[in-house]
Amino acid sequence: MPLPLTLPRNAAPHAPRKGRMHSDERRSQLLRVAIDGFARNGFSGTKTKDIAAAAGVSEAILFRHFATKEDLYHAILDSREDKHGADRRIAELQTFVDARDDAGLFRHLAIQIVGSFRDDSAFHRLMLYASLEGHLLANLFHERFVLPTGDFLRRYISLRQKEGAFRNCEPRVAVAFAIGTMVHLAMGRYVFGLRKPPMNDHAVIEELVVLVMGGLTGHDGERSRNRKGRKKRKDGHGAS
């Protein structure tokens, strides 16, 4: 007896097969798997077939989303741009610039940098590999993320030097000192897994801000407080 070509009126349709993802979900999964693979094994040690296998799909599915490895590299940075868009980052920094809140500016930067390494250490391991291998991804990251923030800080430091707030020094060196110190500490903690000092991230960031401000202004927070205290005594407000 032939089987009916249509379902009975009250029959439920077959449930969709488990494991099938929407296109955007699959793309996001492939990006996560690729980042993890590159971060663990480097670029030369991670093939497209490895990424596909780790994601549980064929290479054909991978190439359907990313035609070339270069497309995949751009997509990795695009995913970071969605989270931390350059325009939004600069706008946030501009609020501190407008208020001339120097310590607030560098505190905000330190919080963002340390938080990024803490929350996404795989991505930063990936960027370390890219830099060591002289990979295209490192150059793309530098152009899209590092240069805009670095140029912004260089112009601000130069402005504050003209206003007499910062000591006379090469602004580019000052930027490298400030940002490099923050990145080095965050990388040691969350990429290299170095032994952490007996301080939480908040306390470490506050120490970093004091040190950076001391380098830029020529005095540290304690000396600044002492100067204010001497001024009060001179004005007669601190006399006993």
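Student: In which helix is His-108 found?
Tutor: Happy to start there, noting that this is a predicted model. Helix α6 covers residues 102-119. His-108 is found in helix α6.

Student: Does His-108 count as buried or exposed?
Tutor: The cut-off to keep in mind is that buried means under 20% relative accessible area. His-108 has a relative accessibility of 16%, so the residue counts as buried.

Student: Leaving aside neighbours within four places in sequence, which residues is His-108 in contact with?
Tutor: Contact here means heavy atoms within 4.5 Å. With the neighbours within four places in sequence set aside, the partners of His-108 are Glu-92, Leu-93 and Phe-96.

Student: Is Glu-206 buried, exposed or partly exposed?
Tutor: Glu-206 has its place in helix α10, residues 201-217. Buried needs under 20% and exposed needs over 50%. With a relative accessible area of 26%, Glu-206 is therefore partly exposed.

Student: What is the C-alpha to C-alpha distance of Glu-206 and Phe-106?
Tutor: These two residues are 100 apart in sequence. Their C-alpha to C-alpha distance in space is 9.8 Å.

Student: Are α6 and α9 roughly parallel or roughly antiparallel?
Tutor: Two packed helices are described by the angle between their axes and the distance between the axes. For α6 and α9 (residues 171-190), the axes come within 9 Å and cross at roughly 30 degrees. Angles under 35 degrees count as roughly parallel. That makes the arrangement of α6 to α9 roughly parallel.

Student: Is the crossing of α6 and α9 left-handed or right-handed?
Tutor: This is the crossing at roughly 30 degrees. Its hand is right-handed.

Student: How many nonpolar residues are in the contact of α6 with α9?
Tutor: On the α6 side, the residues include Phe-106, Leu-109 and Ile-113, and on the α9 side they include Ala-178, Met-182 and Tyr-190. The contact of α6 with α9 has no polar residues and one charged residue. The nonpolar count is 13.

Student: How many helices does the protein have?
Tutor: From the N terminus on, the elements run α-α-α-α-α-α-α-α-α-α-α. There are zero strands, and the helices come to eleven.

Notes:
Residues are numbered from 1 along each chain as its sequence is written. This is a predicted model: local features need pLDDT of at least 70, side-chain atom pairs count only at pLDDT 80 or more; totals for chains, interfaces and linings use all residues. Side-chain values use heavy atoms; hydrogens and water are left out. Helices (H or I, at least four residues) and strands (E, at least two) are DSSP runs, numbered from the N terminus. Axes are lines fitted to C-alpha atoms, for helices over the stretch in contact, and angles run from 0 to 180 degrees between N-to-C directions. Angles under 35 degrees count as roughly parallel, over 145 as roughly antiparallel, 65 to 115 as roughly perpendicular and the rest as oblique. A crossing is left-handed if the near helix is turned anticlockwise from the far one by less than a right angle, and right-handed if clockwise. Ala, Val, Leu, Ile, Met, Phe, Trp, Tyr, Cys and Pro count as nonpolar, Asp, Glu, Lys and Arg as charged, and the others, Gly among them, as polar. Buried means under 20% relative accessible area, exposed over 50%, partly exposed in between (1.4 Å probe, protein chains only).
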